[in-house]
Amino acid sequence: MNIFLYDASFEGFLTVVFESYRLKIVPDTIVEEAEVLPLFSDNVLHISADEQKAQRVWKGLKKKLSPAACSMISVVFLADDPSIPMLLFRYIRKAIDAPKSIETNFGDSDVLEAAKWYKKVGREAERVRQFVRFQKTEDDIFFAPVAPLHNVLPLAVEHFADRFSDQKWLVYDTRRKYGFFYDLQTTVEVTFDHLQINPRIGKINPDMMAEDESLFQQMWKAYFKSMTIKERINPKLHRQNMPRRFWRYLTEKH
Amino acid sequence: MNEATLQKLKTLAESAKYDVSCASSGTTRANKTGGIGSAAGLGICHSFTEDGRCISLFKIMLTNHCIYDCAYCVNRRSNDIPRTTLTVDELVTLTIEFYRRNYIEGLFLSSGVIRNPDYTMEQMVKVIKELRTVHRFNGYIHAKSIPGASQELVREAGLYADRLSVNIEIPTEQNLKLLAPEKDHQSVYLPMSYIHQGMLENKDERKKFRHAPRFVPAGQSTQMIIGATPETDQQILTLSSSLYQQPSMKRVYYSGYIPVNRSDERLPALVTPPLVRENRLYQADWLMRFYYFTASEITDKGQNNLDLEIDPKLAWALRHPEMFPVDVNKADYEMILRVPGIGVKSAQMIISSRRYGKLGFWQLKKIGVVLKRAQYFITCSELPAQTIQEIKPENLRLQLTEKKKSNPNQLTLNFSA
């Protein structure tokens with residue numbers, strides 16, 4: 001069994017593709033370095049990310065695929081699932097080997113599977129845009145914790161930067177322990193060792209809140225409650241539209 | 001901002017919640033430096049109430065005082081409810097602060113009529129003008145156009161709002177007059193035509209001057225109450241389809257009648273709102289807007305009301321067995337769209353995938369076709385299953401509406417013996 005180990009970065013993954021073509025070895029599975037290896041791993045290759053090799057693969061793909069399909073590959077890569085690297089590897093192989101573009105052939109199971117993951121990741125990013133709730137701190141930073149299923153923060157950050165360009169904000173992925181901070185000029189990636197929030201509901205400590213923050217939270221909660229039409233209560237639809245896993249950090253749900 | 005505002009907010013939210021529209025789509029406005037907010041092309045729903053409806057816009061009334069006495073409305077003059085008014089300042093601050101916390105996508109401002117329509121409209125324009133010009137707010141704004149307000153005020157509102165709307169409320173004029181004696185259809189259609197005219201003129205103007213200010217870029221919408229008066233679905237759908245003929249009309253909303261005023265004899269005594277009927281009407285609406293159906297097709301062959309048991313597309317297919325089965329590998333897009341169980345997305349995927357090779361049931365299932373319904377109406381590369389031609393529409397209807405039976409392998413114990 002051929003196993004390729006890589007550093008979990010997109011560059012590393014593209015290097016895996018490069019090496020596989022160079023060595024003429026097709027991986028049976030592609031695994032992150034930190035993961036436990038499967039049994040009977042006889043041929044293990046450690047691939048270290050190489051920018052030049054990755055660039056060559058990416059350039060080649062751009063020739064074979066439309067910009068939309070290329071961006072799809074980079075989005076699907078953000079999905080949190082062990083099957084993703086192999087799926088994308090097969091997709092890329094098919095794209096490179098086929099005489100004409102394969103991207104709309106949904107009769108092919110890999111193309112369809114990739115399209116489905118693309119949709120899933122895109123939907124999760126949309127949910128982050130929907131359900132992020134900022135809390136204003138005393139030093140005028142709007143802070144929001146999130147814990148999405150997939151690593152979608154990079155897809156949502158641009159949206160916040162455009163929309164909230166005149167306020168400082170920080171969106172933090174508590175599951176992957178990193179976030180993005182916008183300081184009115186640029187957005188930078190940040191990590192904290194210790195975040196001073198209530199880990200259960202993501203609230204910042206009351207003494208760190210801006211003066212009117214708790215009033216606006218109260219108002220929003222009251223508004224949310226008043227909007228419900230009692231004659232039409234439909235908990236199933238409610239959960240479908242606003243999945244339970246997001247309730248944890250939603251102001252109106254506490 | 002204090003406790004008093006909180007109380008006002010509660011009262012006015014209660015009064016505003018029966019308006020259905022919450023769309024925040026159809027307009028694009030990038031944020032400009034120094035401003036706040038943007039309106040993406042597609043709307044974003046920021047929360048969902050426990051009845052499953054979305055909260056995208058901050059839906060609120062300026063005031064719930066009203067000079068009118070419409071039988072179907074919570075805020076009618078003769079109702080004994082707490083009345084209050086939000087100031088322009090309060091409304092603007094609430095909108096901006098909610099927006100900054102990513103609670104909302106924008107503002108949906110509506111109002112009861114105080115003094116006269118023009119005065120009310122003036123107050124509303126003040127709010128949205130201040131948001132746009134003083135606070136440089138670029139989020140979405142939907143404003144109600146008050147029936148009877150002057151053309152100048154509608155024009156001004158249109159410069160700041162993304163969408164304006166006037167509610168028809170009752171589909172026929174005679175019933176509207178019965179329930180709301182102070183209103184007639186003229187008072188609804190006149191502001192609608194102001195909005196429409198404004199949009200057409202603006203379109204011409206923008207051809208000449210590219211940076212001319214836009215006028216209601218997201219068009220207009222309207223709403224009808226379903227089940228308060230005895231109109232048939234056919235009447236309702238015919239009205240909607242004639243409204244959609246106007247390019248400025250983006251959405252018609254249907255609102256199942258909720259008995260907010262139980263004591264009124266002019267209204268039916270409903271226990272629960274007609275939610276299924278409302279759902280069927282929305283499905284029919286979708287068929288008209290995205291599936292190339294006409295209102296007369298949806299209610300053809302003497303169907304005055306939609307079938308509550310099955311959706312309107314399946315109902316149409318069962319009434320027209322001569323059109324089926326459809327060969328998914330050959331038929332054109334419009335015909336594939338008409339197959340029950342195939343939606344817009346699946347139809348598009350079928351069209352693009354069949355260029356690479358013939359499609360079979362397995363692939364259709366993977367694409368997302370609901371084979372449970374579709375199998376009787378299609379043929380593909382595999383051996384045909386039993387189609388509507390063999391089974392006959394009336395049997396197929398029974399088969400598809402049958403409630404799920406318990407597992408046939410499970411033995412039952414007979415305790416009665």
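Let's start with the interface between the two chains. Chain A and chain B bury about 5200 Å² between them. Carbon and sulfur atoms give 57% of that area. Keep in mind that this is a predicted model.

Now the contacts. On one side, 55 residues of chain A take part; on the other, 59 residues of chain B. The rule finds five salt bridges across this interface. Here is a salt bridge to look for: B:Arg101 with A:Glu213. Their side chains meet at 2.8 Å, N to O. Polar contacts come next. The rule finds 31 residue pairs across the interface of chain A and chain B, both residues at pLDDT 80 or more.

Where on chain A does this surface come from? Four helices each supply at least two residues to it: helix 5 (109-131), helix 6 (153-163), helix 7 (213-227) and helix 8 (235-241). Helix 7 of chain A gives the largest share, twelve residues. By class, the side of chain A that touches chain B has 22 nonpolar, 17 polar and 16 charged residues.

Next, inside chain A. The chain is divided into domain 1, residues 2-123, and domain 2, residues 132-253. Taken over C-alpha atoms, the centres of these two domains are 33 Å apart.

How many residues are in contact between the domains of chain A? Seven from domain 1 and six from domain 2. The area buried between the two domains is about 540 Å². Carbon and sulfur atoms give 65% of it. On the domain 1 side, A:Leu78, A:Asp80 and A:Val121 supply 78% of the area buried against domain 2, more than any other three residues.

A:Asp80 comes up again. Across the domain interface of chain A the rule finds one salt bridge. A:Asp80 forms a salt bridge with A:Arg176, and the closest N and O atoms are 2.9 Å apart.

Helix 5 gives three residues, the largest share of the side of domain 1 that touches domain 2. By class, that side has five nonpolar, no polar and two charged residues.

Definitions and conventions:
Residues are numbered from 1 along each chain as its sequence is written. Chains are lettered from A and ligands numbered from 1 in the order in which they are written. This is a predicted model: local features need pLDDT of at least 70, side-chain atom pairs count only at pLDDT 80 or more; totals for chains, interfaces and linings use all residues. Side-chain values use heavy atoms; hydrogens and water are left out. Contact means heavy atoms within 4.5 Å. Buried area is the accessible area (1.4 Å probe) that two parts lose on being put together, summed over both. A salt bridge is a side-chain nitrogen of Lys or Arg within 4 Å of a carboxyl oxygen of Asp or Glu. A polar contact is a pair of N or O atoms within 3.5 Å; within protein, one must be able to donate a hydrogen and the other to accept it, and residues adjacent in sequence count only if both atoms are side-chain atoms. Ala, Val, Leu, Ile, Met, Phe, Trp, Tyr, Cys and Pro count as nonpolar, Asp, Glu, Lys and Arg as charged, and the others, Gly among them, as polar. Domain bounds come from an automatic or database domain assignment.
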